[in-house]
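Let's take a walk through this structure from the inside out: the packing, then the gaps in it, then the charged pairs. Keep the viewer open as you read.

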Amino acid sequence: MSAKTSVWLVFFCALGCLIHDADLRSIQPKASQCGYQSCHPTKPNMLNVHLVAHTHDDVGWLKTVDQYYYGSETKIQKAGVQYIIDSVVEALLRDPEKRFIYVESAFFFKWWKEQKPKVQEAVKMLVEQGRLEFIGGAWSMNDEATTHYQSVIDQFSWGLRLLNDTFGECGRPRVGWQIDPFGHSREMASMFAQMGFDGMFFGRLDYQDKDERLMTKNAEMIWHGSANLGEEADLFSGALYNNYQAPDGFCFDILCNDAPIIDGKHSPDNNVKERVDAFLAYVTEMAEHFRTPNVILTMGEDFHYQNADMWYKNLDKLIKYGNERQANGSNINLLYSTPSCYLKSLHDAGITWPTKSDDFFPYASDPHAYWTGYFTSRPTLKRFERDGNHFLQVCKQLSALAPKKPEEFDPHLTFMRETLGIMQHHDAITGTEKEKVALDYAKRMSVAFRACGATTRNALNQLTVQSKDNVKDTSAKYVFEFKTCALLNITSCPVSEANDRFALTLYNPLAHTVNEYVRIPVPYSNYRIIDNKGVTLESQAVPIPQVLIDIKHRNSTAKYEIVFLATNIPALGYRTYYVEKLDSTEGNTRSKALPKRTSSVTVIGNSHIQLGFDTNGFLSEVTADGLTRLVSQEFLFYEGAVGNNAEFLNRSSGAYIFRPNENKIHFATDQVEIEVYKGDLVHEVHQKFNDWISQVVRVYNKDSYAEFEWLVGPIPIDDGIGKEVITRFNSDIASDGIFRTDSNGREMIKRKINHRDTWSVKINEAVAGNYYPITTKIDVEDDTARMAILTDRAQGGSSLKDGSLELMVHRRLLKDDAFGVGEALNETEYGDGLIARGKHHLFFGKSTDREGVSLKGIERLTQLEKLLPTWKFFSNMEDYSADEWQTAFTNIFSGISLVLPKPVHLLTLEPWHENQLLVRFEHIMENGEDASYSQPVQFNVKNVLSAFDVEGIRETTLDGNAWLDESRRLQFAPDPEEAAFNTYATFSQPAESVHLLSAEKPMLGVKYADEALPAGQLGAESNRIRRETETRQEKKDEGRSSKSTEGPYNSFKSDSSNQEYIIELSPMEIRTFIVYLTPA
């Protein structure tokens, strides 16, 4: 270690001791040594090659999270994250010139907690000097296709908060780093921009798109992240040249086989000249595809730098001998750099950039490898994650609302936050991990549910049991159990099945009152439901389908579901119901069973929507908004292609890849067995398609949509063929090949069959190449009618023919697709194939001129209520009669007094730092979706949060960790309109063939496909299409921060003192605040 470094280390250790005692839990002030100020200078009139030392550390994939961190199971993969960080820190401390970036906060803070104070202070010094830089900063590098925006925001908020609390402003990333996710969403770009990021770099994009962008110098662009928010959602984005690998032959890790740089003066193996020649030739060729005299090279790959010296020693030599050539006329300058320093160089170049308004889905890595299978892979894990997000919001809110906050609240909530952060990882929620790793994720989720379950039980008992005067067993810690029944989706709940008297508490996490049809699994049909006022409610007993009862691992005595309508459930609050078994059937209505087979159409429905089923048991027509149209629904399956993966045409369908065999579709059946049940609350058709596919179609009395609850599995493989199961809705809507899908549950994006907006695509897989990720919704429409489907988890979907919508619900395959996971997607449970159950909600009606709220508006409101319905808590009430229960306990509660307008969602309410809340308000409508609801909305924050003693508020960036009025992003100028087609490209005679860069993981050295792709199969060699340059509407105001007024907390105030804290939301706008509470 140099003397200079030693002095710095002593100084910062002393400084760290002072900082250690300070309160680091608020947003930290800016420092001057890190960030862009710490960048090594580039040289003018030279090609500056930014060498970025990095490691890509999957938070679970082939090994579990802990196995990756500790480095166990080396036979599976030689990867130990703790050794990586140890080794890098030691190397950085020895040399102030070196740089390193780190991304995954989940791993870093696991390591950080194990370090002694001396090491922590040394690392703080590295961060403060910009030598160790955090990029991305979220808990994990999230997937972008299957994740929901609420979960993405949460995991960024937590990762960035810990970085801020630990390192202050120097720990705050400026650049996003999405190098491995399998395609990229527009909403992700918007979120990065709203979090204050200056830019983002990514690794994977369609091989045709990449070729076209490189040849036209459009690999770096301004991405318009929102069709509603304007420039504040724009993000500078760049596609990396070589995925995220080092150049071929220059991988200097212990996991690689490339030769080191041998510079012994008299060594017979001295290879300096040939290695430097090759490297400079590589960057010279690379530079031909970019607009500025700067290029970025990722010097690292998956789990690299376990021995950092191997990398750094060779990079030092590469820089030394490469730059020595400048004395002989070389114009290439090599330097240690970071993505943010590279971005700053692009910004300082002062040129204009192309723009993009769509997204990067679907991603294809070769002509027959469309990465659209993972949109559906592991459907039960995808649903479990969605349930986890739901319960996390409940846990956050109750942690904040509880009158008393025991010390265990914070660790319980933290564990749930971090578990959900791990689940967003691009090899977790995607279903592309090994089976045992998926089980580890599920186990983590289960533990997190138990942790937050303890918090919710405590908080709800505090709110419910105001006095113990009427409590019968005063020795019990809790009067109410407030248990969650995890298997309600297969109508199983031990509390409701084992007790003749129990309480059902419905907690509403939304900031407006809701009405909801509730279903309770019970063994008998005669129950009475009493609300908190003592009123007996109308209920209906519906038999549970026999196929559900027959699931062999379903350990339940329930044979019926009691259905009732729970009304006016308070915002951010609960209403509790008392349920008791009766000796007779007086308490509820048995559903009337219709004959199983009729010679006419079977109709179910209400005054809003009616569904007709033909004599073969299939849905055949829908009536809504005065329209009666032909609408059918059926289950079909594709057979997964099987091959040896040795060449493109022999690619197998697998966890990543959807590749149906010959694009053929197979019908599940041509005859459906049906049972029809009708009552005053709900009409149901129970359909059995075959031995492994069944469905319940429901229309509740007051709903304007239909519910399709499907049950698929075990998918049979006795014939040795893997299958990919879809549900398909067909209609006579003239959609002209156009449909729309959501982007991470937010804005809708227009899709067109066999089309990409930015290049003339050649699609070699007609089905898979037209599949898109559906996080929450897909729709089609024409001038008259509209059809939309809401999903309850991420799924792949498309509209392969006019008026048709298909969604893949389950897949079971027998062959790996050779992209790294190393096993077939063949999920099993209890010795059989996995069974999955889920819901689709069908909307149908007029596309325009609809009375009242538009159909799009209803879909948005319903989407929110289906994402975050009431959470059901069950408690044994055998010791209390209905009268005793009603008088002894507080059975209704609301956490807010001002109910928010329908289009406004309280996206976040959670405890933050001491005497602080983190709060987000969101406008859930897009511009033009509804004449009334798509308008700006104003409300008073203090009135909404009346349950708290609010002292002030201050607005932050989306993640909640930087003040909005202090946030300044680098600005990039778009190309003028005429440049949208006249690009920088210099076209030369194309090669006769090319070898595509392999997309297989893990990335341990550059690999190219053995098979050559014939000329004419890449995007740039086809007809280039003129990009549409849209006119962007100017924002009426200068930006969100201009809405704030003066005050100690940047409070929003109007002229009237009783109108404090007024804020305004425009369509799709999210605003985030730190709310200061008066100390108790």
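**Cores, cavities and salt bridges**

This is a predicted model. Its largest nonpolar core has 251 residues, and those with the most contacts inside it are Tyr305, Leu611 and Phe921. Helix 14, residues 435-464, supplies the largest share of this core, with ten residues. Apart from it there is another core, of 29 residues, including Val514, Ile520, Tyr560 and Leu868. As background, nonpolar side chains in soluble globular proteins tend to be buried together.

The largest cavity holds about 100 Å³ of space. To find it, select its lining: His148, Tyr149, Gly745, Arg746, Arg860, Gln863, Leu864, Leu867, Glu922, Ile924 and Met1068. Helix 17 (residues 855-867) gives the most to this lining, with four residues. By class, the lining of the largest cavity splits into five nonpolar, three polar and three charged residues. Two domains each put at least three residues into the lining: domain 2 (593-808 + 839-864) and domain 3 (902-973 + 1056-1079).

The second largest cavity comes to about 70 Å³. Around it you'll find Asp154, Gln155, Ser157, Trp158, Leu392, Lys396, Arg417, Leu420, Gly421, Glu910 and Trp912. Helix 6 (149-167), helix 12 (379-401) and helix 13 (409-423) are the elements that give two or more residues to this lining. Of these, helix 6 gives the most, with four residues. The lining of the second largest cavity has four nonpolar, three polar and four charged residues.

On to the charges. The structure holds 64 salt bridges, and a few are worth a visit. Start with Arg186, which forms a salt bridge with Glu747, their closest N and O atoms being 3.1 Å apart. This pair links distant parts of the chain, 561 residues apart: Arg186 belongs to helix 7 (residues 186-194), while Glu747 sits in the loop between strand 32 (738-742) and strand 33 (748-752). Are Arg186 and Glu747 buried or exposed? Both of them are buried.

Next, look at Glu433 and Arg378, whose side chains meet in a salt bridge at 3.1 Å, N to O. Glu433 lies in the loop between helix 13 and helix 14, and Arg378 in the loop between strand 13 (369-370) and helix 12, so the pair ties together parts that are 55 residues apart in sequence. Why does Glu433 count as buried? Because its relative accessible area is 1%, and buried means under 20%. Arg378 has 3% relative accessibility, so Arg378 counts as buried too.

Then there is the salt bridge in which the side chains of Lys664 and Glu662 meet, at 3.2 Å from N to O. Lys664 counts as partly exposed because its relative accessibility is 45%. Glu662 has 59% relative accessibility, so it counts as exposed, the cut-off for that class being over 50%.

Finally, some salt bridges join up. Which residues are linked in a network of salt bridges? They are Arg519, Glu561, Glu684, Arg698, Glu707, Glu709, Arg837 and Lys839.

Key: Residues numbered from 1 in each chain as written. Predicted model: local features only at pLDDT ≥ 70, side-chain atom pairs only at ≥ 80, totals over all residues. Heavy atoms only, no water. Core = buried A, V, L, I, M, F, W, Y, C linked by side-chain atoms within 4.5 Å. Buried < 20%, exposed > 50% of the residue type's maximum accessible area, 1.4 Å probe, protein only. 1 Å grid on protein atoms, 1.4 Å probe; cavity = no way out; pocket = protein on both sides within 12 Å on 5 of 7 lines; lining within 4 Å. Points joined across faces, edges and corners; volume = space filled by probe spheres on them. Nonpolar A, V, L, I, M, F, W, Y, C, P; charged D, E, K, R; others polar. Domains from an automatic or database assignment. Salt bridge = Lys/Arg side-chain N within 4 Å of Asp/Glu carboxyl O.
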